[in-house]
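Okay, thanks for coming, everyone. I'd like to walk you through one model today, so let me put it up.

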Amino acid sequence: MATSVAGEGQPSLNGIISEPQTKRLTDLPTELLEHILCFPVLKHVDICNVSCCCKRLHDVCHGRGKVWGHQYKLRWPRLQRFYRQNECCDWLREYRTRHRVGIQIRRTVESISKRFFTEVPCVGQVLGDSFAEIESLGMPEHFCEDELLFILNSDKRKSLTLKYYAKKILYFLRQQNILKSLKTFLEQPADQQSALEGAVLVDQYCNPLADVTLSSISAQLDEIAEKVKKMLRIKNSSHPSLRVSQGDCLVVEDFEFQRQVVCALNSVLYEQLQYKGNEFDYYNPLNSYIHQVLLRHTGIPISLSVLYMTLARKLGVQLEPVNFPNHFLLRWCQKPTGSEDIYDFVYIDAFGKGKQLTAKECEYLIGHQVTADYYSAISTTEVLLRMVGNLLNIGKRGEGNEKSYQLLRDSLDLYLTINPDNVQYLLLQARLYFHLGIWPEKVLDILQHIQALDPSQHGAVGYLVQHTLEHIQHKKHPVTPEVKKRSAPEHLEVRYSVGLIMKHKRSGYNCVIYGWDPKCTMSQEWITTMRVHQLSNGANQPFYNVLVQDGTCRYAAQENLEPHSAPLEIGHPEVGRYFSEFADTHYAANEELQTRYPEDMNETLGTVQELYHRLIPGSGTQEQAPATDQNNHQAMSM
């Protein structure tokens, strides 16, 4: 670390030979040393080594200094938003803590696959008690989330199992935080609760991995409000709403001014921006999520009403939500003083492009008369219950796949957070958890709560308690999963192996094999329903469990499958549960799947070598072999 700045024996200006001079690195100013040590090529290990050289460099690399601050920001850039600019912080301690959290999180995630591979059904629901380990680490939550995001954003095709469980943990942790925010929101006085904020919390809970924030939603509504003001300025440049700044609270009293706001709002929202009710895909859950309504410019009555009411209030017009049966409405009082006479209001149909209705015309929407109670204004809590109730009904209408189960779980969680003593939905939640085979201890807690609320439910409660206890007992003595070896005599007819990317000959869907049986193991009822007997080999042939590109899981006969001519990634949410990597021509089974099919990996490698990497004789180039025979048997899939 020493550099000669005057050669030996060199004369100085006065003719006297000077002694050789040296300049050490440590003689440089602190600012310059910090600048050098902040070069991007230096990692934390390098800084540790440098700081051990001498006291001078150790002091330059002190914990609160620029060097460790730079290392921290370089390694974890997403965490910068949790610190104030130029904040004085012990960066070395923060670095150590974040590094330790990363190691612990990764170990926990890696262990989950080994413990839950055989227990979790293919619907991919949350794993329950295992998440307590993450919370028990006692570290800052944003450190845990950052490490999970780091795992998810790593190489797209690798560490698929690690990403699969990291995504589930992140989903769960974010939902827990959103539930805390919802409970805080519900504790506020009713007049301080915003329907928009409540709707955003519902949206966030059902889409915890999406980037949905109240500030971003409000900013989009502010942009729409500015468009309305621009139109108002053309109609009436002295309109009081034009003097309202963002965040200000104004109530326009004059009815003519209110009418001008409503007309301008309708023109901007429905004519200029083309918002409309989604009549053709009414039961799509996206219609209930505020960020999707703003993105797609379509929704259902309640979601469009929340947007309409929020925009009107930004412009000084007070509208109230009305829990009208089968069609959510807003009401607009036409009297200067408060009134509860239903005929003193105009009712606005946000789903019907802001159409204004009388009380009598509202009944035409649903085809029958209703009592005056249905025209009353409701609280924000009741708005949220109606919104979540819509999602619940969509979940119950679902096809029994992973998405519908997840929506049902999420909406039940939300509903019972808002109204925790609803016996009907508590019982539905217990039955759902029991059906999915998850969280039996929580099922018992729910059933105990139901029994305390309504003793008349003892019959249903008793049945579920008995079978839940049996399930808990069964978990204590897990059955060892069957190991299937291809070399066994009964498996000689199995042609394909796990990890191969296949195509269904008749249905045309792309899929990947994650399991097989030497013969069809489904019930006789299923075999009859699926007309398996019409296949040339019937049920007496190998059948394969496959993950399909469209997100479904199917059970397909061997004669209906063929290797894909051009292997591609299968975009199924459960791929990571079974496979660790996509290797261009096939999926590599993870340790758990290899344990169940110990001889399949070599078979898969041999198959892809033969199909996709066979050399053309004498050419040295690769030839893509035909996928398989082209027999046109009848297809069968579940």
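I'll take the sheet, then the aromatic rings, then a few single residues.

Quick housekeeping: this is a predicted model, where local features need pLDDT of at least 70, side-chain atom pairs count only at pLDDT 80 or more, and totals for chains, interfaces and linings use all residues. Residues are numbered from 1 along each chain as its sequence is written, and side-chain values use heavy atoms, with hydrogens and water left out.

So, the sheet. Helices (H or I, at least four residues) and strands (E, at least two) are DSSP runs, numbered from the N terminus, and two strands pair if DSSP finds at least two bridges between them. What we have is an open sheet of four strands, in the order E5-E6-E7-E8, with antiparallel pairing. Why is one side of E5 and of E8 left without a neighbour in the sheet? Strand E5 (320–322) and E8 stand at the edges, so each has a single partner strand. On average, neighbouring strands here are turned by 40 degrees against each other, direction ignored. For angles, axes are lines fitted to C-alpha atoms, for helices over the stretch in contact, and the values run from 0 to 180 degrees between N-to-C directions.

Look at E5 and strand E6 (residues 329–333): they run antiparallel, joined by three bridges. Pro-321 has Leu-330 in E6 as its bridge partner.

Helix H14 (residues 359–366) lies across E6, E7 and E8, and runs at about 115 degrees to E8.

On to the rings. Rings of Phe, Tyr and Trp (its six-membered ring) pair if their centres lie within 6.5 Å; planes under 30 degrees apart are stacked, over 60 edge-to-face, and the rest tilted. That rule gives 21 aromatic pairs. One of them is Trp-76 with Tyr-95, a tilted pair at 4.7 Å centre to centre and 55 degrees between the planes. Trp-76 is in the loop between helix H4 (66–75) and helix H5 (91–116), and Tyr-95 is in helix H5, so this pair ties together parts that are 19 residues apart in sequence.

Buried or exposed, these two? Buried is under 20% relative accessible area, exposed over 50%, partly exposed in between (1.4 Å probe, protein chains only). Trp-76 comes out buried at 3%, and Tyr-95 is buried at 4%. Both also belong to one aromatic cluster with Trp-68, Tyr-72, Tyr-83 and Trp-91.

We also have charges over rings, meaning NZ of Lys or CZ of Arg within 6 Å of the ring centre and within 35 degrees of the ring normal. Arg-331 lies over the face of Phe-345, 3.9 Å from the ring centre, and Arg-397 has its charged end over the ring of Tyr-283, 3.8 Å from the centre.

Last, some single residues. Lys-353 isn't glycine, but its phi is positive, near 60 degrees. You'll find Lys-353 in the loop between strand E7 (345–349) and strand E8 (355–357), and at 53% relative accessibility it counts as exposed. Arg-554, in strand E12 (residues 553–557), is buried at 18%. A side-chain polar contact of 2.8 Å joins Arg-554 to Asp-550, and another, of 3.1 Å, joins Arg-554 to Thr-552. A polar contact here is a pair of N or O atoms within 3.5 Å; within protein, one must be able to donate a hydrogen and the other to accept it, and residues adjacent in sequence count only if both atoms are side-chain atoms.

Conventions:
Contact = heavy atoms within 4.5 Å.
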